[in-house]
Amino acid sequence: MRYTLMQKFSALRRTLGRVCLTAALSCILAISAQAQGFMNVSEVQPGMTGYAKTVVHGTTIDTFPVEILGVMKNSGPSGDLILAKFSGPLIEETGGIAQGMSGSPVYINGKLLGAVAYGWSFTNSRVGMITPINDMLKLWNVPTKEEIRPFNARESSLIPIATPLMTSGFDSLSTAWMQSKLPNYNFMPVDTASASSDSTALPLEPGSSVAAAFVNGDMKMGAIGTVTYVDNDHIVAFGHPFLKKGSINYFMHNAYIFTVVNNLSSSFKLGSIGAEVGKITQDRGAGIGGQYGYLAPGIPVVIKARDTDTDTAMTKRVKIIEDNELTPVLAATTVYNTVNKTIDRTGGGTATLSYTIRSSNGRDKDITRHNMYYSEDNINEKSIDELYNVLDILKHNEFIDYPILDINMTVDITQARKSATIVDASAAPVVVSPGDTVYFKVKLHPYRGVDEVKTMSFTVPKDQPLGDMVLEIRGGGVIPLPYLIEKQRYNLTDEIVQRLRHYKDFKELKKEIEKEDANNDLVIENPQPGRQHDQ
């Protein structure tokens, strides 16, 4: 863990107050602690007036008047909220408090009271709630993701409010697919422009715009809010949760604001996700907290897509956050988007894909797969189903935590239908002993092609009982006969049959994933349970 002397002093100051390590340091710490006074909720009185800071154009920080109406006891996710009225030309321009103003610092009598955090939908919200700064500063004392033992479970307490996501480089089909996989998050993707300053890292200060992103690189995706307070390299912002993920590693970015968009449900800031400047380590009830100048590792994803019909190729590189629920969806969404833009069409076709998922826990945990898919309706979406499912299995497996080092995927797509039908098969010899090899000639009829013959073999198990043995020859994408027999025997649904599959350890699970039949494989198996054999 990278741990600087300044971080150590900051941590000591936050947990122990003004601790004087040496005579020289006592002066520095006192100046830092007194640079900004804080107002406690107990000091708040109705009628107090002050101002708040935020950005609504570019990176320029503006102010607007605030009047305190009262204190709402235990009304917020982390404690009290302060009811306030907002006014002035800036509020008139934006039509009230807009999403993206969340985190705007509020000052009363020169003291920092907290962050603008909540308003009401379907109104011109001049009235809203402020999260106290003292609740937000507690975020700095919560253990980070690396210090907390992973909790492997599906997310159950998600935020119901609509969350505008600024997206760059994504199309509507890919973001709609993402929304379908994460309906409880109530994401509202908004395609935005880029600004000339996006590549320049700018310092953060109270009132600055800041983005919490979970995709960056050739594509970007994240939410924009406002910085509330800065202490050396630590910041707090938003004043409310982003996704309430707790200890997390989002990417902290600068943001440039183009305008405020008004709609029926709630206004929001339209902005670009700029340079990566740090990491967001906490996402909790009182807001988000993070560290400037220390980048989150993330998962590098490289996607190479090619349309073999037009010889159009595209390579995209992104970094996505590490999270059991979000990682599978974000990885698949970036692949889907790259495929969409490469082939520039919708409809059927054949996709040939290969991918490698490398684990941070060693090469023995890596997964490599090759497969082929045909779809009459949407080959774009079909090309990502397997990657999503495999990542989802890995991130939620019951055996080990599965941190991902990187993901590499190659997809070739053609509009042609590359499928074939088994029309005949013959075996020789037909009388064998346990341990003997049986050779098969399988006749295939490719779609609108010339018939061809494939030669295959099957070794009879040495423990095969004497008597007749029935072998099934099928394509890798065809449901195995044993599966259909079990399903019919007990009248089970697909979901129940899948839940009945058990693995003894991660090694067996990994083997099953890698050896799963590809759709363009020819498979010979004994349909008797426990007697299967793939060729």
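Let me start with a definition: a residue is buried under 20% relative accessible area, exposed over 50%, and partly exposed in between, using a 1.4 Å probe and protein chains only. Take N232. At 41% relative accessibility, N232 counts as partly exposed.

Now some ground rules. This is a predicted model, where local features need pLDDT of at least 70, side-chain atom pairs count only at pLDDT 80 or more, and totals for chains, interfaces and linings use all residues. Residues are numbered from 1 along each chain as its sequence is written, and side-chain values use heavy atoms, with hydrogens and water left out.

The overview next. The protein has 10 helices and 24 strands. Helices here are DSSP runs of H or I with at least four residues, strands are runs of E with at least two, and both are numbered from the N terminus. Of the 535 residues, 48% count as buried. I will also talk about contacts, meaning heavy atoms within 4.5 Å. Among contacts between residues at least 6 apart in sequence, 68% join residues at least 24 apart.

On to the inside. A nonpolar core is a set of buried Ala, Val, Leu, Ile, Met, Phe, Trp, Tyr and Cys residues joined through side-chain atoms within 4.5 Å. The largest one has 78 residues. Which residues have the most contacts inside it? They are F214, V215, F242, L330, I357 and I407. Helix α6, residues 326-343, gives the most to this core, with nine residues. There is also a second, separate core of 23 residues, which includes V41, I97, A98 and V116.

Look at F214 for a moment. Not counting residues up to four places away in sequence, F214 touches a list of residues including L165, F187, F242, F251 and L330.

Let's stay with α6 and see what packs on it. Axes are lines fitted to C-alpha atoms, for helices over the stretch in contact, and angles run from 0 to 180 degrees between N-to-C directions. Helix α5, residues 172-181, packs on α6 at about 155 degrees, with axes 8 Å apart. Angles under 35 degrees count as roughly parallel, over 145 as roughly antiparallel, 65 to 115 as roughly perpendicular, and the rest as oblique. So α5 and α6 are roughly antiparallel to each other. Their crossing is right-handed. A crossing gets that label if the near helix is turned clockwise from the far one by less than a right angle, and is left-handed if anticlockwise. On the α5 side, the contact is made by L173, S174, W177, M178 and K181. The α6 side includes V329, L330 and Y336. By class, that contact has seven nonpolar, four polar and one charged residues. For these classes, Ala, Val, Leu, Ile, Met, Phe, Trp, Tyr, Cys and Pro are nonpolar, Asp, Glu, Lys and Arg are charged, and the others, Gly among them, are polar.

Next partner: helix α7, residues 379-395. α6 and α7 pack at about 165 degrees, with axes 9 Å apart. That makes α6 roughly antiparallel to α7. This crossing is right-handed too. Among the residues in the contact are V335 and V339 of α6, and L387 and L391 of α7. The contact divides into 12 nonpolar, three polar and three charged residues.

α7 also meets helix α10, residues 506-515. Their axes come within 12 Å and cross at roughly 175 degrees. That makes α7 roughly antiparallel to α10. V390, I393 and L394 in α7 meet F506, L509 and I513 in α10. This contact has six nonpolar, no polar and no charged residues.

Now two threonines in strands. Is T281 buried or exposed? T281 counts as buried, at 12% relative accessibility. It sits in strand β13, residues 268-284. T63 is in strand β2, residues 60-76, and counts as partly exposed at 47%. T63 and K53 are 10 residues apart in sequence and 4.5 Å apart in space, C-alpha to C-alpha.

Last, some backbone details. Most residues other than glycine have a negative phi, and most peptide bonds are trans. N232 has a positive phi of about 55 degrees although it is not a glycine. N232 is in the loop between β10 and β11. D344 also has a positive phi of about 55 degrees. D344 lies in the loop between α6 and β17, and counts as exposed at 66% relative accessibility. Finally, the peptide bond from A428 to P429 is cis, with omega near -5 degrees. P429 lies in the loop between β20 and β21.
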